[in-house]
Amino acid sequence: MRRIDYIVIHCSATKPSQDIDISDIRRWHLKRGWKDVGYHYFIKRNGTIQRGRDLDHDGYVLEEVGAHVKGYNSNSIGICYEGGINELGKPEDNRTGQQKESLATLLFTLKELLPKAQIKGHRDFPNVHKACPSFEVKDWLREIKLK
Ligand SMILES: [Zn+2]
């Protein structure tokens, strides 16, 4: 198992009216010339958790090096939720209640497996000039009592 220091939260930067899933993101990322979708997990607006990058097709994603945060891919995993911008294209925390629930459940599970890993938002990394994931991860972790 590789070393995982960070669990990184992203948004898909899609509007609430859009309906996409991991296969769309996989298609976009393959078009960029990547080997597979860059994220390890995707959380749909209805709360469904989909598995992402799985190059060896064993159903287990944590050992895969993703492509989601510059300079930190080798020691991180990436979780993306569907949404993150409003209908005008501006950053907005529009996670549904089901998404928040699924994200919290996934994070608690991952923290049990990887107790030393730090949970961060994409924008919390140095030199990231994006709003992703459109909410303050630190504040939300405090809210759900996850450190
Ligand atoms: Zn991101």
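This report describes the fold, the zinc site and several individual residues of a predicted model.

## Basis of the model

The structure is a prediction, in which local features need pLDDT of at least 70 and side-chain atom pairs count only at pLDDT 80 or more, while totals for chains, interfaces and linings use all residues. Residues are numbered from 1 along each chain as its sequence is written, and side-chain values use heavy atoms, with hydrogens and water left out.

## Overall fold

The protein has three helices and five strands, where helices (H or I, at least four residues) and strands (E, at least two) are DSSP runs numbered from the N terminus. Along the sequence these elements follow the pattern β-α-β-β-β-α-β-α. The radius of gyration is 14 Å, close to the 15 Å that the globule rule gives for 147 residues, so the protein is as compact as a globular protein of that length. That radius is taken over C-alpha atoms, and the globule rule is 2.2 Å times the number of residues to the power 0.38. Taken along the principal axes, the C-alpha atoms fill a box of roughly 40 × 35 × 30 Å.

Of the 147 residues, 50% are buried. Buried means under 20% relative accessible area, exposed means over 50%, and partly exposed lies in between (1.4 Å probe, protein chains only). The protein exposes about 8,000 Å², and carbon and sulfur atoms supply 50% of that area; accessible areas come from the Shrake-Rupley method with a 1.4 Å probe, and for residues only the protein chains shown count as cover. Among contacts (heavy atoms within 4.5 Å) with a separation of 6 or more, residues 24 or more positions apart account for 64%.

## Zinc site

The zinc ion has His10 (ND1), His122 (ND1) and Cys132 (SG) as its protein donors, lying 2.1 to 2.3 Å from the ion. Donors are N, O and S atoms within 2.8 Å of the metal (3.2 Å for Na, K and Ca); water is not among the atoms, so sites may look incomplete. Along the chain the donors follow the spacing H-x111-H-x9-C. His122 and Cys132 both lie in the loop between β5 (118-121) and α3 (137-143), so this pair ties together parts that are 10 residues apart in sequence.

Both His122 and Cys132 are buried, Cys132 with a relative accessible area of 10%. Cys132 is joined to Pro133 by a cis peptide bond, with omega about 10 degrees. Pro133 lies in the loop between β5 and α3.

## Cysteines

The whole structure contains zero disulfides, a disulfide being a pair of cysteine sulfur atoms within 2.5 Å. For Cys11, the closest cysteine sulfur is that of Cys132, 4.3 Å away and therefore too far for a bond. Cys11 is buried, with a relative accessible area of 7%.

Lys44 is placed in the loop between β2 (41-43) and β3 (49-51) and is buried at 12% relative accessible area. The Lys44 side chain makes a polar contact with the side chain of Asp19 at 2.9 Å. A polar contact is a pair of N or O atoms within 3.5 Å; within protein, one must be able to donate a hydrogen and the other to accept it, and residues adjacent in sequence count only if both atoms are side-chain atoms. Not counting residues up to four places away in sequence, Lys44 touches Asp19, Ile20, Asp21, Gln50, Glu82 and Gln99.

Ile20 lies in the loop between β1 (6-11) and α1 (22-31) and is buried, with a relative accessible area of 6%. With the same exclusion of residues up to four places away in sequence, Ile20 touches Ser12, Thr14, Ile25, Trp28, Phe42, Lys44 and Glu82. Ile20 and Arg45 are 25 residues apart in sequence and 9.1 Å apart in space, C-alpha to C-alpha.

## Asn73

Asn73 lies in the loop between β3 and β4 (76-81) and counts as buried at 18% relative accessibility. The Asn73 side chain reaches the backbone nitrogen of Val69 at 3.1 Å. Leaving aside neighbours within four places in sequence, Asn73 is in contact with Arg2, Val65, Gly66, Ala67 and His68.

## Positive phi angles

Most residues other than glycine have a negative phi, and most peptide bonds are trans. Ala13, not a glycine, has a positive phi of about 55 degrees; Ala13 is placed in the loop between β1 and α1 and is partly exposed at 42% relative accessibility. Lys145, also not a glycine, has a positive phi of about 60 degrees. Lys145 is in the segment after α3 and is exposed, with a relative accessible area of 73%.
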